[in-house]
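Please keep the viewer open as you read, and take the points in order.

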Amino acid sequence: TTTGTTTGSLLGGPGPIETVTRVKLELFTGLTESDEPITFDGENVTIRAETLFDPSKPIKVVIHGWGQASLDSSGEVVVDNDQYPRSFNQLYMTNGLDFTVLGVHWVPRDDWNEELMSDSSSDAANTLSLLMYSLYSNYNILPSQIHMIGFSMGTVVTSKTAKKIQELGMGPLGRLTLLDPCPTAQAGVISRDDATFVEAIHTSSQGICSESPLAHVDYYPNGGDAQPCGTDSCSCPDGSLVCSSCYHGATRCVDFFGNPDWLANHMRAVDLYRESIGRPSAFMSWRCSETYEEFVAGSRSCTNGGTSELVPMGEHSMDQSRPMGGLYYLTTAGVSPFYE
C-alpha cells in the first residue's frame, strides 16, 4: 500500500472529515473494468502499492444526486444502485477513452433529510476537496486535469468542492459538467468562477430544478423544462407549440395520471450525457441569440440561422475548442438512442 501524506498550506491542519456526510470512493484507473481500493482519512490518501493509477491521465470525478446511495447497519456507504461511476468507466473503456474515473458516493449520516441539504453537501465537498489537495500534493495532479461531473444535488457538491479547492491554494478545476442542477435554491451556489469551464445541461426545471442559465454554457435540450418520451406525435389543445403533454409535436414524459413525469425528465440528463460519450458528433446544439426569457417566450426553441457553430452537447463539447458562452438549444428523440 502506498500512502501519500498531505502537507502544505492547510492552515492548522485539515480538520475532521465526514462529520455530517459519509463518503465512499471508487477508483477506476482507465481502460479496465475493475476498480481499485482507495481510502482517505482527511490527510492521507491510500492506494495499493501495485496500483495501475497513472497520475498523468485526465481524471473524471463522477458524483450522484440526492438519495442515490445508502448506509448499511454499520454506517458504511452502500454504492448507489445507479452505479454512475462504473457505468461511465465502462463507456469510456468501450470507446477507447483512457481516463481515470473517481466515483464519489455520499450519504448524510442522519439519512436523506432535506434539512441537511446544505450541511451534507458542504461536508461531502470538504472531504472531496481535501482528497484533491492530497492528490495534488503527493501525485502532482493538476486542477486542470480534473473534470467533475455531478448530477442533481451532486452538482452542488461539485460546485462547493471546486470553490474549496481554490481556497486551499490550488488553481481552478479544468471543467465542471452539471447535469440538471437541482434543487433551485441549493443550485444558487453554482458560479462561473468555479472552474475554467462550467457547463450545465437542463432537462427538468418544472419548478424544482434550476432553470435560468448559471454556467458558461447552458444546454436546453427540447426546451429544458421537460423531455419527449416515446415516438408518438401530438398537439396541444389550445393550438400552442408547447403544453404539459406536448412539445413541438412530440409527446412529453407524463406519469400514470397524465402529469409531467419529473423524475423521467430529470434522469434524462444522465442518459443524454452517457450516450454522448461514444458519439463525438451526436447531440449537435447551436447558440441562441435570445435571452433566456425570450427563449421561453418563443416556445422554448430557437432557430439556427447558420451563424452559430454547432457544439456537441455532452462529453465532447470541448473537443474542437471551448464553446462560446451562452444558451444552446437542440432536440433529441424520445427513446434511446436519443441523438437525432
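Which residues in α5 are buried? Point 2 has the answer, after a word on the ground rules.

1. **Ground rules.** This is a predicted model, in which local features need pLDDT of at least 70 and side-chain atom pairs count only at pLDDT 80 or more, while totals for chains, interfaces and linings use all residues. Residues are numbered from 1 along each chain as its sequence is written, and side-chain values use heavy atoms, with hydrogens and water left out.

2. **Helix α5.** The buried residues of α5 are N265, H266, R268, A269, V270, L272, Y273, R274, E275, S276 and I277. Buried here means under 20% relative accessible area, exposed means over 50%, and partly exposed is in between (1.4 Å probe, protein chains only). Helices (H or I, at least four residues) and strands (E, at least two) are DSSP runs, numbered from the N terminus. The cover over the buried residues of α5 includes α1, β9, β10, β11, β12 and β13; contact is taken as heavy atoms within 4.5 Å. Helix α5 spans residues 262–277 and has a kink of about 30 degrees centred on R268. That bend is the angle between axes fitted to the seven residues ending at a position and the seven starting there.

3. **The ten-stranded sheet.** An open sheet of 10 strands has the order β2-β8-β5-β9-β10-β11-β12-β19-β17-β18, with mixed pairing. Because β2 and β18 stand at the edges with a single partner strand each, one side of each is left without a neighbour in the sheet. Two strands pair if DSSP finds at least two bridges between them. For instance, β17 (residues 284–287) and β19 (residues 326–330) run antiparallel and are joined by 2 bridges, and W286 stands opposite Y329 in β19.

4. **Helix α1 on the sheet.** Helix α1 lies across β2, β5, β8 and β9, and runs at about 165 degrees to β8. Axes are lines fitted to C-alpha atoms, for helices over the stretch in contact, and angles run from 0 to 180 degrees between N-to-C directions.

5. **The four-stranded sheet.** Another open sheet has 4 strands in the order β13-β16-β15-β14, with antiparallel pairing. Its edges are β13 (228–233) and β14 (242–243), each with a single partner strand, so one side of each has no neighbour in the sheet. Strand β13 is joined to β16 (residues 250–252) by 2 bridges, and P228 has R252 in β16 as its bridge partner.

6. **A hairpin to look at.** Strands β3 and β4 form a hairpin with 3 residues between them, and G42 in the turn has a positive phi of about 105 degrees. The antiparallel pair is joined by 3 bridges, with F40 opposite V45 in β4. Strand β4 has V45 and I47 on a covered face, and N44 and T46 on an uncovered one.

7. **Q68 in its loop.** Q68 sits in the loop between β5 (59–63) and β6 (70–71). Q68 counts as buried because its relative accessibility is 11%. Its side chain reaches the backbone nitrogen of G65 at 2.6 Å and makes a polar contact with the side chain of Y84 at 3.0 Å. A polar contact is a pair of N or O atoms within 3.5 Å; within protein, one must be able to donate a hydrogen and the other to accept it, and residues adjacent in sequence count only if both atoms are side-chain atoms. Leaving aside residues up to four places away in sequence, Q68 touches several residues, among them D80, W112, F151 and M267.

8. **Salt bridges.** A salt bridge is a side-chain nitrogen of Lys or Arg within 4 Å of a carboxyl oxygen of Asp or Glu, and the count comes to 12 salt bridges. One of them joins the side chains of E76 and R22 (3.5 Å, N to O). E76 lies in the loop between β6 and β7 and R22 in strand β2, so the pair ties together parts that are 54 residues apart in sequence. E76 is partly exposed at 39% relative accessibility, whereas R22 is buried at 15%.

9. R86 and E26 meet through their side chains in a salt bridge (3.7 Å, N to O). This pair links distant parts of the chain, with R86 in helix α1 and E26 in strand β2, 60 residues apart. R86 is partly exposed, with a relative accessible area of 30%, and E26 is buried at 5%.
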